[in-house]
Amino acid sequence: MQEDLLNVEGLYREAFEKALQNNKKLHFPFLANPHLELSKALDQSNIQSSSSTRLLRLAEVMADTLVNEKAEVPFDILDPMIKELEKNLFWAGPGRELDAKGREHQLNVLKKLRENRELGQLLSSIHPPDNHPIADNLIRKSLQLDAHAKLTRQHATKAALIAWLTPLRQSIGSCFATAPALVIQEEHPQYLLRDIQELLATGRIQRTFEGVSYEVPLSASFGIGDLNRPLNFSARNPIPFEKASSSPGLQQSFIAMQLIDPEEEHALLKRLEETLQDLVNRYQEITLTVEDVMKLCLMKDLELTKKDLEEYANRPKQMIYSDLLVTTARGSREGKSLRDRAALYYQLLEQGKEVFVGFTDNPLLKAWEFSLASFAETKANFSKWNLYSSLGLDPREEGGIGEAMHKTIAMQLEEKNRRVEDLQEEYKMLYHQLMLAEGRFKSASSEEEARWVRADYQRKRNEYNTFEEMRNLEHQNAQKLANLLNHLVDRFIELFPTYFQEVYDPDLHDVSAGPYDDSPAGFRLLYKHGRSSSAQWTFVKNYQDFTSSLDQFFIACEHQLQEDPEIKGIEKEVSEVITQISLQIKRDEFIESAFRRMAIQHRTPVVAKPLDNLDKIAAKPWAYTSGGGMASLVSNYFCNPDKPKEKSRWVESPHELFVFAADLIKEMPDNMVDRSLLTHSPTHAFRLLPWLKPFSNSWQSEEFTYSYVRDSFLIPQQEFYRPLRLDREMMSDLIQKVRAQLPGMVRPHFDETFQSLPASLSPQEFKEEVKSRLEKDRALSVFANQFIDYGEIDSLLYRNIPYTRAYQFKEKLYQVIEKADLIPVVGLEEKIANLLSHSHHFEVVSAEAMLKLALTLLIQEKGQVTFPYNPQEKVIRAMRDLLLLPPAPAIFADTNWVANHFAFLVNPTSLELEFWRIDPLGVNGYPMNDWKKWLDGSRKKPDWGVYVKPEEYS
């Protein structure tokens, strides 16, 4: 509360915006474009990342500037851009510290283009797609092109360069693909460019080794981005409506869905209130995802109900296809049928979602990542497919295809055997007659009688031969029928991969996991129609699609089987078997038994009346979740017959995990320690970065690693925290930050509960005091459980302590500036006094505030916001040296997430070594409490693991 009087954020932002007005002129001004108003709106709404948006916009403008009409990157532009970016690489300003890693990535891309001519040639060789609408759409979305603009080589090259320049970050469920994709994008970009070249040319990526071909189609989707971001609305608080309506991505999506007029003031706010206020009033507090909000607003506008949409979506495909001709121009709803409005709903919703996701994600880059993900489930043997389990090809499987085939063939075989028996009887009779005729011939008494008997004998011989041939043929056909079931199953299994494939679907929302347990991924069945062009392949999205695609497949099989020598003579019977299969797959009995088989296969509960409870079914024949096979992906993509060499174990403490990671690197060759290592926790895939300090000290030390971690890392951090005490002013400041997590209606009661505070507490005691007061108060405990994770208290303490008393503040700030050596110290006391002249009385200053005030002074003194060095890093190092920040955490891995790395550090409230997610500078972090069971030994399976040979994925 006292710190609010100091107005740290206001001073920092004011200095930043003032310096922008004096920003020096650049040859490439976009390199220092802060996107000020856009970033403010993104940060205010807190729905999409302002850092990701800025980096994406910069990648787009860079590519647009660099790629000329010949689809080349000329050095006379590339060289000066590199030099200018080097001089303006890092930002000082609110939230701009998160841009640093992304801008470093972009600089590295430009340098690789300059140093490696082959990469430039590969980039320039990328051509626009030839008759592939999905690939066309990705390029157009990446470049914001009109739907009718003719695509050129320049467009294709620009789109590929943007994909390379845009820092890749993870979407939900794709970690097993994102981690390898990051290795490729950052360390082996030639693979990325070749993949894009192949995807645009053929619509697929193919790998062939050991005589087996693995291919995956271009993903039709570029993901869900932040569509699942939860938005909390309150009946007593209008702020959530205002925050959501300030989202630029949401505004653009509502314009794309034709729900708001871009010229109307506060149009989105009005639309949200009009649609959601009644719902919020009914429940008082409600949480909706961004996608939920889009759907509700669109349904209200088109006067549709959920039931209307379900009925439309479940209609036969041939009826749905006719609706695709509906124009996306809204106009008046009068006279439009329910069918037309439902078709329009799905078209507009898809447009809105694409615009929203594309606001922060590059479509081509994400589509490449998701295409890569399908290598995790590429299987050469159909019997390993999810689809195989559902069909019931074994005749003993009740309700399956095998049962229907067996019954039909058994009836046919019975009939065929009767026919063979009848022919055998006639054959015996003819044989007897033939023998009699032969006897008469031999005993003929005259030449004339002999001629007559010979003619009769020859007639009977011909008749006998005909019946013998018929009998033998029927017998052969009966034998074919006896073997038909196995033969058909073998042929179906042979043909299935030509018509079906299981691929990663980023839009599959059947996965339920914690916010950081995102390894489970959605895979969906794809029907290829027997066509080679992936543009004509379609997803199987429901059981109607499933049965329809199976029906089409078996009809196609019937034509394929006509030339099969094993079928010759029993074509009619085979046709009847196919007919019975088609009838079987349309029966409820089949689909219900398929769900039962899937439940058994995936070890999930069998759901009663599955067709009425599809939302409760965990694994469906056309859609299922997988752990995300990073090992399979790496093996298939990099053409390795064996799985990557892995070292793994379960751990009983973060200390043990720290030692495990460090010891692995100690054993690696020296020439490999500068390579990122693919790593996985029990629920997440990420990259270990061995070179990061101070983590690298642990494996470079000759000490026993366990002792090093204890003596050189754990104990010094504990000694930093042990003497720290929080007085009332410090606790008051922290309490106000806890208060900010609660809804407005609860805050007055919260203030009463925390009106009086002890004189002094340790950080550990402070956390227990807050927990105790919240849990003892019945009213507060309900909201505390909903809005406050007690890890937030650990996080608040980590980034705010140690506090500095007001009377020491000027001296300490002076020391920080002097040690950081960023600006001259001459007249520094006066500058500090001037900085504080507009502030009210304050008692304490947090470490977080000290950092921002030091950066404020830097911006004021320099009159600029971009630098060739990282100003935040320099100030942080100085503050740590002066014990004004906690010791540096051991950051050791990239999480794949937008703003986090993984690190080991000592928790200020427990004084134990813990595993946290943390910002790249190590000052703002959060304990990974969701993973506690994987770090304390209570769950022994699955393991933590590291792929220890990076040469296997390069």
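Here is a short walk through a pocket, a helix packing and a ring pair in this predicted model.

Let's start with the second largest pocket, which has a volume of about 560 Å³. Its lining is made up of 19 residues, and if you want to find the centre, look for R140, K141, Q144, L145 and V355, which lie nearest to it. Four helices each supply at least two residues of this lining: helix 4 (50–66), helix 8 (133–143), helix 13 (248–256) and helix 18 (338–358).

Two packed helices are described by the angle between their axes and the distance between the axes. On the helix 8 side, L138, K141 and S142 make the contact, and on the helix 19 side it's P363, L364 and A367. Sorted by class, that contact has four nonpolar residues, one polar and one charged.

Finally, the aromatic rings. The count comes to 48 aromatic pairs. One of them joins Y504 and F523: the ring centres are 5.7 Å apart and the planes sit at 70 degrees, so this pair is edge-to-face. Y504 lies in strand 6 (residues 500–504) and F523 in strand 7 (residues 521–527), so the pair ties together parts that are 19 residues apart in sequence.

Key. Residues numbered from 1 in each chain as written. Predicted model: local features only at pLDDT ≥ 70, side-chain atom pairs only at ≥ 80, totals over all residues. Heavy atoms only, no water. 1 Å grid on protein atoms, 1.4 Å probe; cavity = no way out; pocket = protein on both sides within 12 Å on 5 of 7 lines; lining within 4 Å. Points joined across faces, edges and corners; volume = space filled by probe spheres on them. Contact = heavy atoms within 4.5 Å. Nonpolar A, V, L, I, M, F, W, Y, C, P; charged D, E, K, R; others polar. Phe/Tyr/Trp six-rings, centres within 6.5 Å; stacked < 30°, edge-to-face > 60°.
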